[in-house]
Amino acid sequence: MRSLLVTNIGELVTGDPSYGEGPLGIRRRAALVIEDRRVEWIGRADYAPAADSMLNVDGAAVLPGFVDSHAHLVFAGDRAAEFSARMAGEAYTGGGIRTTVGATRAATDDQLRETAGRLRREALRQGTTTMEIKSGYGLSVADEARTLRIARELTNETTFLGAHVVPPEYAHRPDDYVSLVCGPMLAAARPYAKWIDVFCEDGAFDEDHSRAILTVGAAAGLGMRVHANQLGPGPGVRLAVEVGAASADHCTHLSDDDIAALADSRTVATLLPGAEFSTRSPYPPARALVDAGATVALATDCNPGSSFTTSMPFCIALAVREMGLTPWEAVAAATSGGAQALRLADAGRLTRGSRGDLVVLDAPSYLHLAYRPGVPLVSTVVLNGELT
Ligand code: NIG
Ligand code: FE
């Protein structure tokens, strides 16, 4: 049972107001000890106990590791040309998903594993210690199962997204595709998946199909998540709340009723500003959600089409500058918000018993994450009590 002392922390963001100042529970001149992968002790640096090893951060800020609760890392191919066309005025439609499905089906397991592993390591270097990974670019029984098998090598938070779009071979038979998703595809995905997700949107899956898929997934023991209200207003958010999904993701086009429904529920509103940035779309109404009392998470949506970033600090900076959140609200959304979206009680915070996952910044305060956008401020990442 090895222990690690992290000491001389200038600003420790615990994420729990009962542990320190303000809503982020900040402590100054602090130290913490991680033992057996868990935070064991938090206190003043002057009183820090001995441990097997020590990390002296010399006055820097320390935060809980980021929890990225929405990412699509298992894919092949590149859609830089589609991005370039959008920046020249083309609209994003989601139709490009089929391009990635073709490339993913043609790739070997090792090619998919190499790309997903590289992106996971890229995210880790930027402070992401917990990452959800979805399928959704296979869309056949065998390709969804292998996508999830590869995702499971990288995280426990795996999500079956067979209902991403209707693949070309089912273009004129969407009901048959929904039956495939609910039957053999779910059965093949189930051993590797913790969650089920549906893209509920015009051009993808309608409300009835989405409800059917979520319901059968939940009956098989999977938690529910929904891609909702990304490209226009629609039933996705309402459906997510109705079925008790852990998270409604995107939430770009919300009515007042959608905001009230989220605020009145346990369903987290997961905002993905990298997608609005990369599709040149209006940002989601984060301020209105927070003011109404909804729980908000920030995630990257990392995928080759609508948001090819693994950077939670970038999402924090966008949330502050473009979506009206304060820096503390954005950091809370990127840590405890993400943990709530994944219903993880021990992630996204640094309190006794929490996971030993933390980020050391090359900065004196968490404020610098938004104040110094685009700067690689994450200097050290500790995962499960180990330096990475
Ligand atoms: O979350 N909205 C659906 N799925 C992805 C986009 C996938 C793609 O364009 O390849 C998203 O933005
Ligand atoms: Fe997505």
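Biologist: Among contacts in the protein chain between residues at least 6 apart in sequence, what percentage join residues at least 24 apart?
Modeller: First, this is a predicted model, in which local features need pLDDT of at least 70, side-chain atom pairs count only at pLDDT 80 or more, and totals for chains, interfaces and linings use all residues. Residues are numbered from 1 along each chain as its sequence is written, while chains are lettered from A and ligands numbered from 1 in the order in which they are written. Two residues are in contact if their C-beta atoms, placed from the backbone, lie within 7 Å. Of the contacts in the protein chain between residues at least 6 apart in sequence, the part joining residues at least 24 apart is 70%.

Biologist: And what is the radius of gyration of the protein chain?
Modeller: The chain holds 13 helices and 17 strands; helices (H or I, at least four residues) and strands (E, at least two) are DSSP runs, numbered from the N terminus. The radius is taken over C-alpha atoms, and the globule rule is 2.2 Å times the number of residues to the power 0.38. That rule gives 21 Å for 388 residues, and the chain comes close to it, so it is as compact as a globular protein of that length, with a radius of gyration of 20 Å.

Biologist: How much of the protein chain is made up of buried residues?
Modeller: A residue is buried if 20 or more other C-beta atoms (placed from the backbone) lie within 10 Å of its own, exposed if 12 or fewer, and partly exposed in between. Of the 388 residues in the protein chain, buried ones make up 56%.

Biologist: Which element gives the most to the side of domain 1 that touches domain 2?
Modeller: Domain bounds come from an automatic or database domain assignment, and here they give domain 1 (3–65 + 348–387) and domain 2 (67–341). The contact takes 21 residues from domain 1 and 22 residues from domain 2. On the domain 1 side, two or more residues each come from β5 (61–64), α13 (368–371) and β16 (378–383). With three residues, the top contributor there is β16.

Biologist: Which strands sit at the edges of the seven-stranded sheet?
Modeller: The sheet is open and parallel, in the order β8-β9-β10-β11-β12-β13-β14. Two strands count as paired if DSSP finds at least two bridges between them; β9 (residues 158–163) and β10 (residues 195–200), for example, share three. The strands that pair on one side only are β8 (133–134) and β14 (296–298).

Biologist: How many of the twelve residues of helix α11 are buried?
Modeller: Helix α11 spans residues 312–323 and is largely enclosed by the rest of the structure. Just after α11, glycine 324 takes a positive phi of about 80°. The buried residues of α11 include Met312, Cys315, Leu318 and Met323, and the count is nine.

Biologist: What is phi of aspartate 36?
Modeller: Most residues other than glycine have a negative phi. Aspartate 36 lies in the loop between β2 (26–35) and β3 (38–44) and counts as exposed, with 11 C-beta neighbours inside 10 Å. For aspartate 36, phi is positive and near 50°.

Biologist: Last one: how many polar residues are in the shell around ligand 1?
Modeller: A residue is near a molecule if its C-beta atom, placed from the backbone, lies within 6 Å of it. Around ligand 1 there are 14 residues, with Ile97, Asp301, Asn303, Gly305 and Ser306 the closest. Ala, Val, Leu, Ile, Met, Phe, Trp, Tyr, Cys and Pro count as nonpolar, Asp, Glu, Lys and Arg as charged, and the others, Gly among them, as polar. The shell has four nonpolar residues and one charged, and its polar residues number nine.
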